[in-house]
Amino acid sequence: MGLIWRKVHSGFSSYSTAEEVTQGVDATGLVAIVTGGSAGIGAETARVLALRGAHVVLPVRNTAAGENVKKAICKEIPGAKIDVMEMDLSSMASVKNFVAQFKSKGLPLNLLINNAGISYTPFKLSVDGIEMQFATNHLGHFLLTNLLLDTMKETSSKNNKEGRIVNVSSIAHAVPIGIHFDKMNNKSSYHGGLAYCRSKLANVLHATELARRLEEEGANVTANSLHPGVVRTNILNHKLIMKTIIGKMWRMLMKDIHQVINELASTSFV
């Protein structure tokens, strides 16, 4: 499969912060769902969207952690609109339950940011019997996106504003391993790093095919995938290499959490 790389000269660098990139953007009236918002990139994404006026919904597995993020954002940004709702991406039943509860609120949906993820974890199957990284990083987001598409299309049609779906993937998607569905749940051949790469490739393929279908349909919704760079977040904390001297030096070279989501933020929301 050939990959197309596109450079966008926005005037910002990989070290620009989301606040810098979104300066002057008014997201008032927009509703955004951000997965993985209880820490890391998701929490920073939620904070900056709230700063620009968006109503942010955080579906999280750990609602206590989500409430802490909400409290911190509201302390910094009085009047911020943040909803914390329970959802476990590795459980298809939990994803369906979240969508049902979200739709019951009668809210529009302008932005869906599929950010949550796990990496390099020991072998484990989800409650649905699927390798955990693939279930969490890809299948949960795939189902979530599919169940919310009608709401996004309806919203974009009513307010004439482009809806946006963003899959936070990784440069790891380029590792040439492919996706072998018949071997995915094989514990004897499992490798945590390769399983992560496989799930990130699935994120990219999902966004690419969905973008094609949405364009063909003429829907005012776009699907995108992005590599946020190597960022200091908790997703890498359990890796053994991070506990070594080399790992600690590597972490010093990683981007700060504020220096992310530029591909999302550098395009106007309105």
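Analyst: A residue counts as buried under 20% relative accessible area, as exposed over 50% and as partly exposed in between, with a 1.4 Å probe and protein chains only. By that cut-off, 49% of the 270 residues in the protein chain are buried. The model is predicted, so local features need pLDDT of at least 70 and side-chain atom pairs pLDDT 80 or more, while totals for chains, interfaces and linings use all residues. Residues are numbered from 1 along each chain as its sequence is written, and side-chain values use heavy atoms, without hydrogens and water.

User: What makes up the pattern along the protein chain?

Analyst: The order is α-β-α-β-α-β-α-β-α-β-α-β-α-α, from eight helices and six strands. These elements are DSSP runs numbered from the N terminus: helices are H or I with at least four residues, strands E with at least two.

User: How do you know which strands stand at the edges of the sheet?

Analyst: Strands pair if DSSP finds at least two bridges between them. The open sheet runs β3-β2-β1-β4-β5-β6, with parallel pairing. β3 (81–86) and β6 (221–226) each have a single partner strand, so one side of each lacks a neighbour in the sheet.

User: How do you know that β4 pairs with β1 and with β5?

Analyst: Three bridges join β1 (residues 31–34) to β4 (residues 111–114), and I33 has L112 as its bridge partner. Four bridges join β4 to β5, with N114 partnered by N167.

User: Why is β5 called largely enclosed?

Analyst: Six of the six residues of β5 are buried, so the rest of the structure largely encloses this strand. On one side G163, I165 and N167 are buried, and on the other R164, V166 and V168. β5 also pairs with β6 in the parallel sense over six bridges, where V168 has L226 as its partner.

User: What makes α5 part of a β-α-β unit, and of which hand?

Analyst: β4, α5 and β5 make a right-handed unit. Right-handed means that, with the strands pointing away from the viewer, the path from the first strand over the helix to the second runs clockwise.
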